[in-house]
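Please keep the structure in view while reading the points below.

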Amino acid sequence: KEQQEAIEQIDEVQNEIDRLNEQASEEILKVEQKYNKLRQPFFQKRSDLIAKIPNFWVTAFVNHPQVSALLNEEDEEALQFLTKVEVQEFEDIKSGYKINFYFDKNQYFENSVISKEFHLNDTGEPSSKSTPIKWCSGKDLTKKSNSPAKGSRKRSPEEQESFFCWFSDHGDAGADELGEVIKDDIWPNPLQYYLVRAQPSTVPNPLQYYLVRAQPSTVPNPLQYYLVRAQPSTVPNPLQYYLVRAQPSTVPNPLQYYLASEIDEEGGMGTGGEDDMDDVDEEEEEDGLEGEDQDEEGEEEEEGGEDEEDDG
């Protein structure tokens, strides 16, 4: 009875914690919306400065371990024309975001801007949509060809799809890793990835090594994963694990591990085998002691026989 009362009280306290968590989420959202607006002028200033550096964005992508794994040689050639990347979070932040890619005129496609958007509806279901790419004749990188890519890095199209296939992939918007990486890792501080190989190794530059290991963003964003997936609970609830086996499986119950051990002790499960093993161990020890006594007696008799022979 005391345990049941304690469990009920824990559940009441947990409900209070959950209510506070909801209030905290609302306050955090307001703060994030405020500072997201304050960041915009700095993002624009940064974009203007990046525009002065040739091949900045393709270098940052190639230096990023996850993005570089999605690029083939033809993708890198097309991304040489990428002049600007921009992440726009929607006003309420929770409903989604949009990534814009700006290109100079090139021989691959006619688009000057290619975008991909991620949305969460009222029920939390994710979806995405993107700008159709207007490929030039014979330059569609998303279509497989029978010839390997030029250069030393030979590969077959069957081994790796083009980076540009990502724009038309809307199968699982809630698990779009590339979108998350660009928004949450590269966009907050793209300079850290550009500088990985940008500086000559013969010129000391402490800023280069500092920025490589620096955190992607100095401003935590607790809602970053919420935008593409349903927001998981951010506060542990020990009660849910304690009661799992105490109540029917359809009712969240945190006693699962605690009560499991009590059931084993009360039911005597697994104790018989241990007792039998103890008996076997005791018998083996007694047999071992008897064998040692017999060996000692034998040695004494042999020594006695040797002494008699000497006397003779």
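Predicted model: local features only at pLDDT ≥ 70, side-chain atom pairs only at ≥ 80, totals over all residues.

Phenylalanine 43 is buried, and tryptophan 187 is buried as well.

**Aromatic pairs**
- The count of aromatic pairs in this model comes to 21.
- One of them joins phenylalanine 43 and tryptophan 187 in a tilted arrangement, with 4.8 Å from centre to centre and 50° between the planes.
- Because phenylalanine 43 belongs to helix H1 (residues 2-50), while tryptophan 187 is in the loop between helix H5 (177-186) and helix H6 (191-198), this pair ties together parts that are 144 residues apart in sequence.
- The ring centres of phenylalanine 56 and tryptophan 57 are 5.4 Å apart and their planes stand at 80°, which is over the 60 degrees required, so this pair is edge-to-face.
- Both partners of that pair, phenylalanine 56 and tryptophan 57, are buried.

**Charges over rings**
- Lysine 84 places its charged end over the ring of tyrosine 102, at 5.0 Å from the ring's centre.
- Lysine 139 has its charged end over the ring of tyrosine 108, at 5.8 Å from the centre of that ring.

**Nonpolar surface patch**
- Val31, Tyr35 and Leu38 make a nonpolar surface patch of about 280 Å².
- Valine 31, which lies in helix H1, has a relative accessible area of 45% and is therefore partly exposed.

Note on methods: Residues numbered from 1 in each chain as written. Heavy atoms only, no water. Phe/Tyr/Trp six-rings, centres within 6.5 Å; stacked < 30°, edge-to-face > 60°. Helix = DSSP H or I, 4+ residues; strand = E, 2+ residues; numbered from the N terminus. Buried < 20%, exposed > 50% of the residue type's maximum accessible area, 1.4 Å probe, protein only. Lys NZ or Arg CZ within 6 Å of the ring centre and 35° of its normal. Patch = residues over 30% accessible without salt bridge, like charges linked within 9 Å, V, L, I, M, F, W, Y side chains within 5 Å. Areas by Shrake-Rupley, 256 points an atom, 1.4 Å probe, with all protein chains shown as cover. Salt bridge = Lys/Arg side-chain N within 4 Å of Asp/Glu carboxyl O.
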